[in-house]
Amino acid sequence: MTETTKKTGVSRRTLLKGTAGLAGLAAGSGAITGFPYVMSAEPKVLRYLGTAVNEGDDISKQCLKDTGIKIEYITATTDDVTKRVMTQPNSFDVLDTEYFSLKKLVPSGNILALDAKKIKEFDNITPVFTKGETPGGKKIGGQGTAPWKVLYLEGKDSKTFSKTPTEFVTLIPTVYNADTLGIRPDLIKRPISSWAELLNPEFKGKASILNIPSIGIMDAAMVVEATGKHKYADKGNMTKEEIDLTMKVMTEAKKAGQFRAFWKDFNESVNLMASGETVIQSMWSPAVTKVRSMGIACTFQPLKEGYRSWASGFCVSKGVSGPKLDWAYEFVNWFLSGYAGAYLNRQGYYSAVLSTAKANMEPYEWAYWMEGKPAEKDIKAPDGSLLEKAGAVRDGGSYEDRMGAVACWNAVMDENDYMVRKWNEFIAA
């Protein structure tokens with residue numbers, strides 16, 4: 001994917017803008033105060049830097065309607081978002097990024113923690129973020145940069161993560177998911193139950209893995225461990241020797257012709273799977289949904305070794321203060337109030353505040369997306385296109401089943417620079 005700072009465009013996980021037909025529309029939540037927005041003399045504009053996970057015209061239009069805040073999207077790839085924060089901290093106001101990037105961003109001093117006391121729904125944020133467990137009490141795998149490890153700072157201007165809760169939050173949680181392999185069951189025609197299948201010679205020239213080092217290395221580790229070649233102490237913090245071993249396995253597979261491609265963005269993954277060029281690959285849930293909406297069989301396959309997870313949230317640039325900081329808090333509070341959460345849930349993502357998202361979804365939608373129940377009605381996109389027929393069940397089942405089976409999280413390792421270099425050598429080999 002090419003680097004871009006366009007206000008709209010295709011980027012990592014692009015679905016909410018580029019394929020907005022998959023998005024659901026929820027009832028407007030209304031302003032946070034409960035009163036309709038009244039036009040102010042000063043226009044309220046926030047420059048929003050992110051990877052398109054939480055972006056979408058419907059979201060920005062509803063936000064403007066409810067709060068009077070105009071969102072100007074600056075969309076970039078995961079790696080380019082981090083670079084921009086490090087080098088151009090005054091070029092954005094609100095940052096939407098993943099938790100694994102915090103080990104790079106917090107030491108820079110270029111982002112500001114937000115005050116939990118100013119977030120209306122903070123106490124209702126799912127314990128996935130705060131305790132490392134599901135609402136039902138299932139413990140979640142903590143290998144990698146799990147969000148609860150980096151959620152708090154020791155103080156307002158601290159660059160040190162706190163092991164215990166404080167009021168200073170690195171990223172206000174917004175969205176997360178449990179990722180696995182996508183497959184074409186109509187072409188494979190047999191059960192798939194392990195990450196090891198990605199390297200099965202049966203799929204020579206028909207497999208793919210995503211080419212974002214901090215994420216791809218985790219998928220590679222899931223594969224290597226599933227093959228029995230190595231057992232990692234922490235897949236998200238490998239030693240140099242473990243990185244070498246992992247890349248050796250992947251490079252051997254590449255040289256043997258296992259991989260059709262190495263994709264970087266949502267559309268690439270969709271096109272590879274929809275065309276049948278690949279039959280098994282790293283994938284994101286909404287990409288699987290997009291392929292299905294095209295009338296093509298595609299499964300987000302639950303695997304016995306578990307899921308690789310990721311999570312995102314909001315903070316602000318160090319340059320934000322005064323009224324603009326107030327607007328940022330107003331925007332974050334609006335985002336957690338329900339409309340956006342329901343919008344994201346309908347993509348196969350999960351909202352950080354489940355209660356407000358649920359209030360903005362129809363009961364049959366919630367039952368399908370969150371409870372793992374058969375769809376009582378057809379699951380449709382806003383444009384009327386069919387996503388799932390009545391009776392369908394979400395791949396992997398319920399929220400509790402899927403998040404409860406998470407094995408690891410996207411990560412920045414202690415040996416990150418070495419890992420990235422070795423990963424790039426693998427891609428170039």
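This is a predicted model: local features need pLDDT of at least 70, side-chain atom pairs count only at pLDDT 80 or more; totals for chains, interfaces and linings use all residues.

Student: Why is L325 called partly exposed?

Tutor: The relative accessible area of L325 is 23%. Buried needs under 20% and exposed needs over 50%, so L325 falls in between and is called partly exposed.

Student: Where does L325 lie, and which residues does L325 touch?

Tutor: L325 belongs to helix 10, residues 322–335. Not counting residues up to four places away in sequence, L325 touches V316 and V320. The C-alpha atoms of L325 and D93 are 8.5 Å apart, although 232 residues separate the two along the chain.

Student: How do you know what span to expect for helix 6?

Tutor: The expected span is 1.5 Å times one less than the number of residues. For helix 6, residues 213–227, that gives 21 Å, and the helix reaches 21 Å from its first C-alpha to its last. Just after helix 6, G228 takes a positive phi of about 85°.

Student: What phi does K189 have, and where is K189 found?

Tutor: K189 has a positive phi of about 60° although K189 is not a glycine. This residue sits in the loop between helix 5 (185–188) and strand 8 (207–210).

Student: Why is K189 called exposed?

Tutor: Exposed needs a relative accessible area over 50%. K189 has 70%, so K189 is exposed.

Student: What makes the pair D115 and K117 a salt bridge?

Tutor: Side chains of opposite charge can pair when their charged atoms come close. The cut-off between nitrogen and oxygen is 4 Å. For D115 and K117 the N to O distance is 3.2 Å, so the pair counts as a salt bridge.

Student: Are D115 and K117 each buried or exposed?

Tutor: D115 has 13% relative accessibility and counts as buried, whereas K117 has 60% and counts as exposed.

Student: What distance separates the closest N and O atoms of E133 and K139?

Tutor: They are 3.2 Å apart, and E133 forms a salt bridge with K139. E133 is buried, with a relative accessible area of 18%, while K139 is exposed, with 62%.

Student: How do you know that D395 and R292 form a salt bridge?

Tutor: Their side chains meet at 2.4 Å, N to O, and the cut-off is 4 Å, so the pair qualifies. D395 lies in the loop between strand 15 (386–388) and helix 14 (399–403) and R292 in helix 9 (residues 285–293), so the pair ties together parts that are 103 residues apart in sequence. Both D395 and R292 are buried.

Student: Which residues have the most contacts inside the largest nonpolar core?

Tutor: They are L95, Y176, F331 and M403, in a core of 81 residues. Helix 10 supplies the largest share of this core, seven residues. A second, separate core has 44 residues, including I183, I209, F262 and V279.

Terms used: Residues are numbered from 1 along each chain as its sequence is written. Side-chain values use heavy atoms; hydrogens and water are left out. Helices (H or I, at least four residues) and strands (E, at least two) are DSSP runs, numbered from the N terminus. Buried means under 20% relative accessible area, exposed over 50%, partly exposed in between (1.4 Å probe, protein chains only). Contact means heavy atoms within 4.5 Å. A nonpolar core is a set of buried Ala, Val, Leu, Ile, Met, Phe, Trp, Tyr and Cys residues joined through side-chain atoms within 4.5 Å.
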